[in-house]
Amino acid sequence: MAETPPSPTALPLLGHTVRFARDPFGFVERAVDEYGDVVELDVLGTDGPYVLAHPDHAERVLVDGGDAFEKTDDFTEAFGEGLVAVEGTEWADQRQFLQPLFYREAVRGYAETMVDQMQRRVDRWRAGETRPMREEMGALTLEVVFATLFGRELSLSGDDARIRRAASGLNDLVVPTSWVLPDWVPTPSRRQFEQSRRTLREEVRRLLRERAGDEGDGSRDLLSLLAAARDDGGYPRTDTAVEDQLVSMLFAGHETTALALTYTWYLLARHPAVEARVHDEVDRVVGDDRPRATHLDDLERTTRVVRESMRLYPPIHTIPRRTTRPVTVGGYRVPAGGEVHVSVVRIHRDDRFFDDPLSFRPDRWLDDDRPRFAYLPFGAGSRRCIGREFALTEAVLAVAAIARDYRLEWAGDGALELAPEMTTQPAGDVPMRIRSRE
């Protein structure tokens, strides 16, 4: 019979709660270093969790797990009936409906609109000023999502400030202090999350009402397709399902890409030799033109930079699942109802799979001599993120569009620190000084 996973020494009643809440990344890293790739933690508010930190275990859960692993309740609470939360045939129906919007050819058709939004924002920058890059990239990617998937251009003035705040506020569902408290405790972060969800739902309802009056205008964005399909008898079957999908795509479609870009600028600013090679490539491929879909295949170094940024700072640091029955992972027993956490950040920074893993080395991606599931920024298996192509296209175009004209200098004190929430958030606003390349 399989053994129970090893576990660090714990406090009476509180278990590992305090240490985990104070420093979740550091505590998990130390636990895995000492006890191995399967570690049982004792954290209030969870059934475990059981930390899994090996590519084989990621494959077991995300690819080979079948119906033994399901999404946790946090997904449903945040996204209702959206694609990122549902299971089984409902997931299959939604995936089939949405997939055509995210094929490579379709995504590259969004490139002109993406760059329009990028240029609109960057045109507001002035050489010599310092900008909070976390906020700037969040605003940029939100504008891209609205313009491409919702067919609506967000105002650059304060008119849409509440939407911007709400899109960011969905992160507040999962912060360390809330992880360890019962669901009924009204923490500030949970109140912010509820307000954000209400605001976004109000906005998508308004957009749907407006789009209902524009039937037959030929629009093929996500909003139009969902609105038109509502009465066809298949997916989506309810108004709530439409709202859930739009809110899910709004959050998932901008938040992770914003973080990937934020960390990319930080890493380039800290590695001027890599930055110079990116500028050389952009000058050669894009020149005086603006970045276009036709440039993407030739922006090879830029693509490697984005990939390496997402390795060192994966926007989704942990993939949670719940067991539906007793399972064995890595020779250890996990009971039914156990919460397992595939630690993406730990796998990405493991020297068994990446040489000198804490170094920023984009050229490591010139070869791919590592386990298949050692790189998981978009998950794995059939449930891999549907927006992978969208996110990579947007990120590479954004780096090229900005690097064509500017250098970004790190204006912070010391090294960047992290403050993990639902996603891998930086601690602070990531200040960057804008320098013209002219």
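Modeller: Let's begin with an open sheet of three strands, ordered β4-β10-β9, where the pairing is antiparallel. Keep in mind that this is a predicted model.

Biologist: Which strands sit at the edges?

Modeller: β4 (130-132) and β9 (406-410) are the edge strands, and each of them pairs on one side only. From one strand to the next, the twist averages 40°.

Biologist: What holds strands of a sheet together as pairs?

Modeller: Strands of a sheet pair through backbone hydrogen bonds, either parallel or antiparallel.

Biologist: OK, and how many bridges join β9 to β10?

Modeller: Five, and the two strands run antiparallel. Strand β10 covers residues 431-436.

Biologist: Let's zoom out. How many helices and strands does the protein chain have?

Modeller: There are 17 helices and 10 strands in the protein chain. Its radius of gyration is 22 Å, close to the 22 Å that the globule rule gives for 438 residues, so the chain is as compact as a globular protein of that length.

Biologist: What box do the C-alpha atoms fill?

Modeller: Roughly 65 × 55 × 40 Å, taken along the principal axes. As for burial, 56% of the 438 residues count as buried.

Biologist: And the accessible surface, what does that come to?

Modeller: About 18900 Å² for the protein chain, with 47% of that belonging to carbon and sulfur atoms. On contacts, take those between residues at least 6 apart in sequence: 72% of them join residues at least 24 apart.

Biologist: Can you show me that sort of thing on a residue? Say, where does Leu259 lie?

Modeller: Leu259 is part of helix α13 (residues 239-270). Pro426 is 167 residues away from Leu259 along the chain, yet their C-alpha atoms are separated by 8.5 Å.

Biologist: What else is Leu259 in contact with, leaving aside neighbours within four places in sequence?

Modeller: Besides Pro426, Leu259 contacts Arg134, Pro315, Thr423, Thr424 and Gln425.

Biologist: Is Leu259 buried or exposed?

Modeller: Buried, because its relative accessible area is 0%, and the cut-off for buried is under 20%.

Notes: Residues are numbered from 1 along each chain as its sequence is written. This is a predicted model: local features need pLDDT of at least 70, side-chain atom pairs count only at pLDDT 80 or more; totals for chains, interfaces and linings use all residues. Side-chain values use heavy atoms; hydrogens and water are left out. Helices (H or I, at least four residues) and strands (E, at least two) are DSSP runs, numbered from the N terminus. Buried means under 20% relative accessible area, exposed over 50%, partly exposed in between (1.4 Å probe, protein chains only). Contact means heavy atoms within 4.5 Å. Two strands pair if DSSP finds at least two bridges between them. Axes are lines fitted to C-alpha atoms, for helices over the stretch in contact, and angles run from 0 to 180 degrees between N-to-C directions. The radius of gyration is taken over C-alpha atoms; the globule rule is 2.2 Å times the number of residues to the power 0.38. Accessible areas come from the Shrake-Rupley method with a 1.4 Å probe; for residues, only the protein chains shown count as cover.
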